[in-house]
Every structure is written in C-alpha cells, then in structure tokens.
Amino acid sequence: MAISQTSIIVKKETLNNSHFILWIRDEKLSEQSLPGQFFQLRSPRQDSSSLYKPISIFNNEKSCLGFMIKSLGKGTQSLSELDRGDKLEVIGPLGTSFPPCQVKNVVLISGGIGYAPLWYLSKKLKLENYVYWLHGGNSKPDVFPCDEIWTEDGSIGYQGLVTQGLETRCSEHPTDIIIACGSGPMLKAIQKIAKAHRIELIVSMEAYMACGIGACYGCAVPCGDTGNVYYKRVCKDGPVFNSNEICWELL
Ligand SMILES: Cc1cc2nc3c(=O)[nH]c(=O)nc-3n(C[C@H](O)[C@H](O)[C@H](O)COP(=O)(O)OP(=O)(O)OC[C@H]3O[C@@H](n4cnc5c(N)ncnc54)[C@H](O)[C@@H]3O)c2cc1C
Ligand code: FES
C-alpha cells in the first residue's frame, strides 16, 4: 500500500555535476520497498500543481531509502536544490518489483539513469547468483561502478553502445537471464539479442508519467502482438515486465 507523506532528507551525496543521491529514513517505507519499485518525489519548494517525478529505489539499508537522481528538467532540478534537513514529498512504494531470480547466471544491463534500480537489485542478487553488470552512457558523468562500462564518446570504458558488449557476453558466456533498464530504443535492441540467444529477459521500462497512480494512461506501453494489441501502464502494471508481454514492434 503506497504511502503519501513528507519526509526529511537525512543525507545528500553529490556524485557529479548532474547526479546526486537523496536519502530519507523511514522504517515502514524501507520494510515495504522492493527492488524495481519506485517513488513519486516532489520538492515542497515547487507549487502544488507541479507533477511528482518517478524515481526508482536506488538503495534500501538500515531503514533508509536512497534515490539516485539525474538533474534533467524542472522537477529533478528542483530536487537537486534540496539538502540535508530539507523536506521531501514522497508517494510510494509504487509499481511492480523484479521477480525472484532462481537461476545462476544473471546479466544486468543498464543505460544512463537506468543504473539506479539495478543497484538495489544487484545487492540482493549477489548472495545467490553469479552476476555480471554492463552499463552504458553518453559520457563519463553517466557511468557508475559495474563490471563493464561503455560510453558513446569513449571518455571511459569501451567506446560504443553497451548493447555491443551484451552481444559479446551472451555469445561467450552462459547466461540464464538478462535484466535491463534503460531507454526504449536500448531495450528494443536488448530484446533482439535476448531473443536470438533464447535468453529470458526482464525489463524495467521508462515512460513519461503524469498521474503516476494508474489513472491517466499517460504512461501506457503496447503489449501483446501486432494482431492483438492492448496497453499496460508503466506506473501501475510495471515498471517491471517480462519482455514477452511487450509488443516491441510498436514501441
Ligand atoms: C519508473 C521510472 C523510474 C525512474 N527512475 C529514475 C531514477 O531513479 N532516477 C532518475 O534520475 N530518473 C528516473 N526516472 C526518470 C525521471 O522520472 C525523469 O527524468 C523525470 O521525470 C524528468 O522530470 P523533469 O521535470 O526533471 O524533466 P522534464 O522537464 O519533465 O523532462 C526533461 C526532458 O526529459 C524527457 N523525459 C522526462 N522523463 C522522461 C522519461 N521517463 N523517459 C524519457 N524521456 C523523459 C522530457 O521529454 C524532456 O525532454 C524514472 C522514470 C520512470 C518512469
Ligand atoms: S502515469 Fe497516469 S496511468 Fe501511469
């Protein structure tokens, strides 16, 4: 059951010019929150007509929840101006979580801020699974610790698209499942690779959200196949989906 409340920021970590982590302490929210779920966040300094912004649970430890945020537009910039001791409006936890992983060889792949939900997941997985994590971004500020880094400008790691790394990984190492979070085009490319190698794929979808609670269908993604398309809401039915559910041709 999602909770709507005002929390206090107990810590702020600045990662670089555009990325930061806001921490709140709340035993109840921490207990309820699972990897893959997200919160709607808003700075109380914005007027009450401003939209809340969907932000994944990046970390959850010692009754504290961490949100890793990239400052992009008005909403996230406003969040970036908050500091320790400031109030933060939160609604959550929302959405679906990553399913339990019964298999051994897990590949995580993220693009840009798609890194955030996979951090909390990777912490849970490492106890039982062998995990290999590939991450890609435009440039150095978009990448964070993992097993294999790709940047489009080559400023750090391999130069190119992270999906090139995934193709090699799947060709050369046994892979039971791929879990991915990133932009639509990136997920589409990953789906093709997973299908070609017959590997199960779980995706966390990004979508532009309005209400965030399942009421407006602003975040709908096409599901089914081209002959029988129906829509699911990223905020309520997702953000985590089995790739078989998505109609990739229409995405
Ligand atoms: C389930 C989910 C989890 C997310 N988790 C995180 C997270 O952990 N950390 C984080 O920093 N961000 C996350 N995001 C993305 C974040 O919600 C958006 O960056 C934010 O809403 C942008 O709002 P804004 O007011 O700052 O910018 P806006 O002014 O609303 O947008 C700035 C620009 O970004 C584009 N844009 C905004 N949102 C999206 C989107 N979802 N997909 C593609 N383009 C978009 C807009 O079209 C515009 O061009 C998540 C999104 C979803 C759906
Ligand atoms: S954002 Fe309104 S239904 Fe998902």
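**Terms and model**

I count a residue as buried if 20 or more other C-beta atoms lie within 10 Å of its own, as exposed if 12 or fewer do, and as partly exposed in between, with C-beta atoms placed from the backbone. The model is predicted, so I note that local features need pLDDT of at least 70 and side-chain atom pairs count only at pLDDT 80 or more, while totals for chains, interfaces and linings use all residues. Residues are numbered from 1 along each chain as its sequence is written, and chains are lettered from A and ligands numbered from 1 in the order in which they are written.

**Two positive phi values**

I looked up Arg-198 in the loop between helix H5 (184–196) and strand E13 (200–205). Helices (H or I, at least four residues) and strands (E, at least two) are DSSP runs, numbered from the N terminus. Arg-198 is not a glycine, yet its phi is positive, about 55°. Arg-198 counts as exposed because it has 8 C-beta neighbours inside 10 Å.

Tyr-217 sits in the loop between E13 and strand E14 (220–225). Its phi is also positive, near 60°. With 13 C-beta neighbours inside 10 Å, Tyr-217 counts as partly exposed.

**Two cis peptide bonds**

I found a cis bond between Gly-92 and Pro-93, with omega about -5°. Pro-93 belongs to strand E7 (residues 87–94). Another cis bond joins Gly-238 and Pro-239, with omega about 15°. Pro-239 is in the loop between strand E15 (228–233) and strand E16 (240–242).

**The whole chain**

I read five helices and 16 strands in the protein chain. Its radius of gyration (over C-alpha atoms) is 18 Å, close to the 18 Å that the globule rule (2.2 Å times the number of residues to the power 0.38) gives for 251 residues, so the chain is as compact as a globular protein of that length. The C-alpha trace spans about 50 × 45 × 35 Å along its principal axes. Of the 251 residues, 41% count as buried.

**Domains**

An automatic or database domain assignment supplies the domain bounds. I have domain 1 as 3–94 and domain 2 as 105–207. Their centres, over C-alpha atoms, are 24 Å apart. Domain 1 gives 13 residues to the contact and domain 2 gives nine, where two residues are in contact if their C-beta atoms, placed from the backbone, lie within 7 Å. On the domain 1 side, strand E5 (59–61) and E6 each give two or more residues.

Leaving aside neighbours within four places in sequence, Phe-67 touches Ile-21, Leu-22, Phe-39, Leu-41, Ile-55 and Phe-58.

**Ligand 1**

I list 21 residues around ligand 1, of which Ser-56, Gly-73, Gly-75, Thr-76 and Ala-116 come nearest; a residue is near if its C-beta atom, placed from the backbone, lies within 6 Å. Strand E4 (53–56), strand E6 (64–70) and helix H2 (74–80) each give two or more residues to this shell. E4 has the largest share, four residues. The shell draws at least three residues from each of domain 1 and domain 2.
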